[in-house]
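My notes follow in the order I looked.

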Amino acid sequence: MNSRERIRTILNRQEPDRVGFQDTDFFSDTLERWHGEGLPRSVDVLRPNWPWLNVPGLRYFGHDIYVTWPDISLKYDAIDYEVADNWSIAKDEFGTTKKSWTGKTASPQFLDPVVKTPQDFEGRVEPLLDHLDIRRVSSAGYPFRQELEQMVKRFQREFFVTVGVVGPWEYSTYLCGGLAATLVFVMKNQDFASSMFMRIADFLAKICESYIAAGADGLWVFDDQGSQDGPFFSPRLYERLLEPAHEKVCAPFVRRDLPRLLHSDGHIEPLIPHFIDAGFLALHPVQNKAGMDVKKLKERYGDELALIGGMDTRILSSGDLDAIRNEVRSKIGVAAKGGGYIAASDGPVPPTISLDSYKFFVEAVKKYGAYPIRD
Amino acid sequence: MSIQEDILNRIRDSIVNLDIEGVKHACKDALGAGLEPYRLVQSLGSGMEIVGQKYEKQEYFLADLMMAGEATKEGMAILKPHFKIESLSPLARVVLGTVRGDLHDIGKNIVRMFLEAAGFEVSDLGVDVSADVFVDAVRDYKPHILGMSALLTTTMPEMRTVIEEIERARARNKVKIIIGGAPVSSEYGKEIGADGTGRDAVQGVNLCKTWMNR
């Protein structure tokens with residue numbers, strides 16, 4: 001099987017030739033360490049402060065999925081306010097001023113968000129959520145449609161190609177100034193927040209439609225809904241405020257029976273039934289330290305949800321090859337039965353994992369992930 | 001029930017119900033009824049304590065914690081101009097900060113919210129705080145408790161550095177140290193010589209209260 005066939009089979013919850021493999025986030029520090037341990041310099045993150053692996057990296061480690069990222073920003077011109085040796089303060093393309101580390105993968109500090117009131121959203125954001133803007137792929141006047149289609153076809157020779165977008169919640173945090181400020185904004189303006197999420201979701205869905213037209217294989221929404229302690233919102237509030245927005249983003253793909261993947265860190269198990277109702281059929285990354293257990297989730301939701309991740313980065317960091325082998329065997333032994341499993345770390349790959357340990361992990365996935373899966 | 005008790009209960013219940021306007025009205029009514037501001041602060045604190053308990057039981061979620069914090073902040077803003085200096089005797093002094101190289105602060109801010117509502121006096125050093133700034137704060141502010149937060153495995157080691165620097169400054173026995181954050185475990189806390197580790201913000205605050213025998 002090639003990667004497209006493998007991932008499509010897995011996401012249909014059928015048994016492929018072997019489990020899929022797809023790690024997403026890599027800290028810059030991780031790759032810096034690995035370059036010192038012999039990783040080719042061609043393997044790197046896509047761009048500074050964007051922890052996604054580049055194409056040479058996807059090939060080097062044998063990933064199965066290529067994610068293409070449309071520009072969903074508001075396209076504000078960036079303004080640099082202050083640049084120091086290892087941090088900078090700048091207004092970004094969402095109109096939000098942040099302090100960010102340079103050459104380090106870490107969350108920024110929000111200093112001045114573009115949205116502090118509902119009126120800010122209506123004046124500074126909503127007019128720019130314009131899918132008809134000729135610069136956007138969703139516009140009928142977008143002049144590079146053929147190149148987009150060729151790009152999708154080109155990468156489909158090697159990978160399962162998904163379109164990647166942040167979800168309406170995460171998008172809102174870019175506008176409202178990070179997690180804490182956005183939580184307060186949403187709680188104080190719940191009705192407005194609901195319509196704000198729907199407006200963002202509508203924009204995202206229209207952008208993603210163009211990728212469907214270009215031949216993309218599926219959708220991957222990145223939308224953290226919780227922390228280690230639990231979901232950000234009660235399930236009831238998620239159902240009222242966010243589920244309709246997630247459903248809207250998934251809808252174009254649901255209509256065409258194309259897979260919909262959701263990335264959410266944290267202990268978000270209480271929300272899983274709602275994610276399924278919204279249209280998602282795969283969940284990533286299944287964080288162990290947040291109490292998410294890939295074996296338990298397979299048992300409870302395996303008929304409705306494919307799982308991506310669950311390999312404990314704390315064990316990978318130990319350097320103990322026996323422990324890493326056991327981790328891979330035991331997780332695959334349960335999660336991969338009947339298909340529906342793509343192996344991956346349970347979070348960003350940290351610099352505490354050596355290159356040798358990681359390569360051992362990748363090889364173990366290939367070895368123990370071949371079907372038929374042995375107990 | 002007396003009018004005063006009714007108002008104090010309204011303050012507490014408005015916090016629990018995440019009702020910002022309810023808190024504001026109740027605080028204004030309380031001041032109008034001549035209630036001492038410190039009693040109203042205690043009611044705010046009682047409300048936050050119940051919110052914390054609901055969070056631990058997973059009846060409340062992070063969004064609810066933040067909203068309760070906002071309600072407390074609004075209540076305090078009404079009460080503070082009416083504080084007399086002599087009625088201000090904090091339970092204890094606490095210094096908080098996110099360690100050097102780390103810009104995350106939501107956990108630390110929740111801890112600050114709960115500590116202030118419980119009557120602690122908090123000096124928040126912010127984020128990306130270097131070891132020498134922590135040491136200066138311990139020396140100058142003389143807190144009873146120092147709290148450090150880190151959200152990344154790569155910044156966690158800074159906590160050890162801070163504790164070592166405080167030891168070098170011969171101030172270790174003068175302050176209790178609590179650490180917290182997503183990658184931080186109680187084993188790590190013991191390893192680096194912290195006095196305690198907060199599994200989450202609410203548990204961390206409860207530990208601080210225990211230390212101060214509250």
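Predicted model: local features only at pLDDT ≥ 70, side-chain atom pairs only at ≥ 80, totals over all residues.

**Entry 1**

I looked up strand 4 (residues 176-180) and strand 5 of chain B, and they pair in the parallel sense over 3 bridges. For B:Ile179, I found the bridge partner B:Thr197 in strand 5 of chain B. Helix 5 (residues 106-117) of chain B packs on the sheet, where I see it touching strand 1 (93-98), strand 2, strand 3 (145-149) and strand 4 of chain B. The direction of helix 5 makes about 165° with that of strand 1 of chain B. I then checked helix 6 of chain B, which also packs on the sheet and touches strand 1, strand 2 and strand 3 of chain B. For helix 6 I get about 170° against the direction of strand 1 of chain B.

Then I traced the sheet as a whole. It is an open sheet of 5 strands in chain B, in the order 2-1-3-4-5, with parallel pairing. Which strands stand at the edges? They are strand 2 (121-124) and strand 5 (196-198) of chain B, each with a single partner strand, so one side of each has no neighbour in the sheet. I note an average twist of 25° from one strand to the next.

**Entry 1: helix 6 against helix 7, chain B**

Next I took the helix pair. The axes of helix 6 (residues 131-141) and helix 7 (residues 157-168) of chain B come within 9 Å and cross at roughly 45°. That makes helix 6 of chain B oblique to helix 7 of chain B. I logged the crossing as right-handed.

For the residues that meet, I listed B:Ala131, B:Asp132, B:Phe134, B:Val135 and B:Val138 from helix 6 of chain B. From helix 7 of chain B, the residues are B:Glu158, B:Thr161, B:Val162, B:Glu165 and B:Ile166. By class, I have 6 nonpolar, 1 polar and 3 charged residues in this contact.

**Entry 2: where the chains touch**

I moved on to the contact between the chains, which takes 17 residues from chain B and 24 residues from chain A. Helix 4 and helix 5 of chain B each supply at least two residues of the side of chain B that touches chain A. The largest share of that side, 5 residues, comes from helix 4 of chain B. I sorted the residues of this side of chain B into 10 nonpolar, 5 polar and 2 charged.

Among the buried ones I wrote down A:Leu179, A:Ala180, A:Leu183 and A:Phe185.

Then I picked one residue on the chain B side. B:Ile106 lies in helix 5 of chain B and touches A:Leu179 and A:Ala180. Is B:Ile106 buried or exposed? I count 21 other C-beta atoms within 10 Å, so B:Ile106 is buried, the cut-off being 20 or more. I also checked B:Ile106 against B:Met76: they are 30 residues apart in sequence and 20 Å apart in space, C-alpha to C-alpha.

B:Asp128 has a phi of about 55° and is found in the loop between strand 2 and helix 6 of chain B. B:Asp128 counts as buried because it has 21 C-beta neighbours inside 10 Å. B:Arg170 has phi near 60°, and I place it in the loop between helix 7 and strand 4 of chain B. With 9 C-beta neighbours inside 10 Å, B:Arg170 counts as exposed.

One joins A:His284 and A:Pro285, with omega about 5°. I find A:Pro285 in the loop between strand 14 (282-284) and helix 12 (294-301) of chain A. I also noted a cis bond from A:Tyr371 to A:Pro372, with omega near 0°. A:Pro372 lies in the segment after helix 15 (355-368) of chain A.

Methods
Residues numbered from 1 in each chain as written. Chains lettered and ligands numbered in written order. Axes fitted to C-alpha atoms, helices over the stretch in contact; angles between N-to-C directions. Helix = DSSP H or I, 4+ residues; strand = E, 2+ residues; numbered from the N terminus. Parallel < 35°, antiparallel > 145°, perpendicular 65-115°, else oblique. Left-handed = near helix turned anticlockwise from the far one by under 90°. Contact = placed C-beta atoms within 7 Å. Nonpolar A, V, L, I, M, F, W, Y, C, P; charged D, E, K, R; others polar. Pairing = 2+ DSSP bridges. Buried ≥ 20, exposed ≤ 12 C-beta atoms within 10 Å, placed from the backbone. Lists of a residue's contacts leave out its neighbours within four places in sequence.
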